[in-house]
Every structure is written in C-alpha cells, then in structure tokens.
Amino acid sequence: NPFSEAIVEPLTQIAKKAAASNRLAGIYAPNSAFAKRYQALGFSFVTLASDRGYLAAGASAMLNAWNEV
C-alpha cells in the first residue's frame, strides 16, 4: 500500500542497499506526489504513472477544456 507509512523504512533500506552496491534503486510511483516522496527516500529511477493513467489524465483534461468553451 503506497499510502502506508509502514513502507517508508523498508523502502529507505532498499534504496540504501542499492546505493551501497552501486546500483540504481527503481520503483513505480502512481503519481508525481509519490515520485517526489520516493526520490526523497533515495530512489533514483522512478516511473511515473502508467499508460492507463496518462490516457485517463489526458482524456480528463480534454473534457475539462471542452466544458470551458
């Protein structure tokens, strides 16, 4: 659960262990807020959202723009 505070310490340890072995720590972030959070924990390779998320956000933005016309 990305919303749980219980994952902060384990994720921090994963990022530290990766850095100690000269490897990139990667993680999936469901949105930009989580991407920033994971980067602050030490992750250097963060994917941001998914194809489905991008399509939904784009469709929502287009519909909102249409409704403002």
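A residue is called buried when its relative accessible area is under 20%, exposed when it is over 50%, and partly exposed in between, with a 1.4 Å probe and only protein chains considered. By that scale Glu5 is exposed, at a relative accessible area of 59%. The structure is a predicted model, in which local features need pLDDT of at least 70 and side-chain atom pairs count only at pLDDT 80 or more, while totals for chains, interfaces and linings use all residues. Residues are numbered from 1 along each chain as its sequence is written, and side-chain values use heavy atoms, with hydrogens and water left out.

**Fold and overall shape**

- The protein chain comprises three helices and two strands, which are DSSP runs numbered from the N terminus (helices: H or I, at least four residues; strands: E, at least two).
- Read from the N terminus, these elements of the protein chain follow the order α-β-α-β-α, and the radius of gyration of the chain, 16 Å, is well over the 11 Å that the globule rule gives for 69 residues, so the chain is more spread out than a compact globule.
- That radius is taken over C-alpha atoms, and the globule rule is 2.2 Å times the number of residues to the power 0.38.
- Along the principal axes, the C-alpha atoms of the protein chain fill a box of roughly 55 × 25 × 15 Å.
- Of the 69 residues in the protein chain, 19% count as buried.

**Charged side chains**

- Glu5 forms a salt bridge with Arg37, and their closest N and O atoms are 3.3 Å apart.
- This pair links distant parts of the chain, since Glu5 belongs to the segment before helix 1 (8-20) and Arg37 to helix 2 (residues 32-41), 32 residues apart.

**Backbone with positive phi**

- Most residues other than glycine have a negative phi.
- Asn22, although not a glycine, has a positive phi of about 55°; Asn22 sits in the loop between helix 1 and strand 1 (26-29) and is exposed, with a relative accessible area of 74%.
- Ala49, also not a glycine, has a positive phi of about 65°; Ala49 lies in the loop between strand 2 (45-48) and helix 3 and is buried, with a relative accessible area of 18%.

**Helix 3**

- Ala57 lies in helix 3 (residues 51-68) and is partly exposed, with a relative accessible area of 47%.
- The C-alpha atoms of Ala57 and Phe45 are separated by 22 Å, the two residues being twelve residues apart along the chain.

Methods. Salt bridge = Lys/Arg side-chain N within 4 Å of Asp/Glu carboxyl O.
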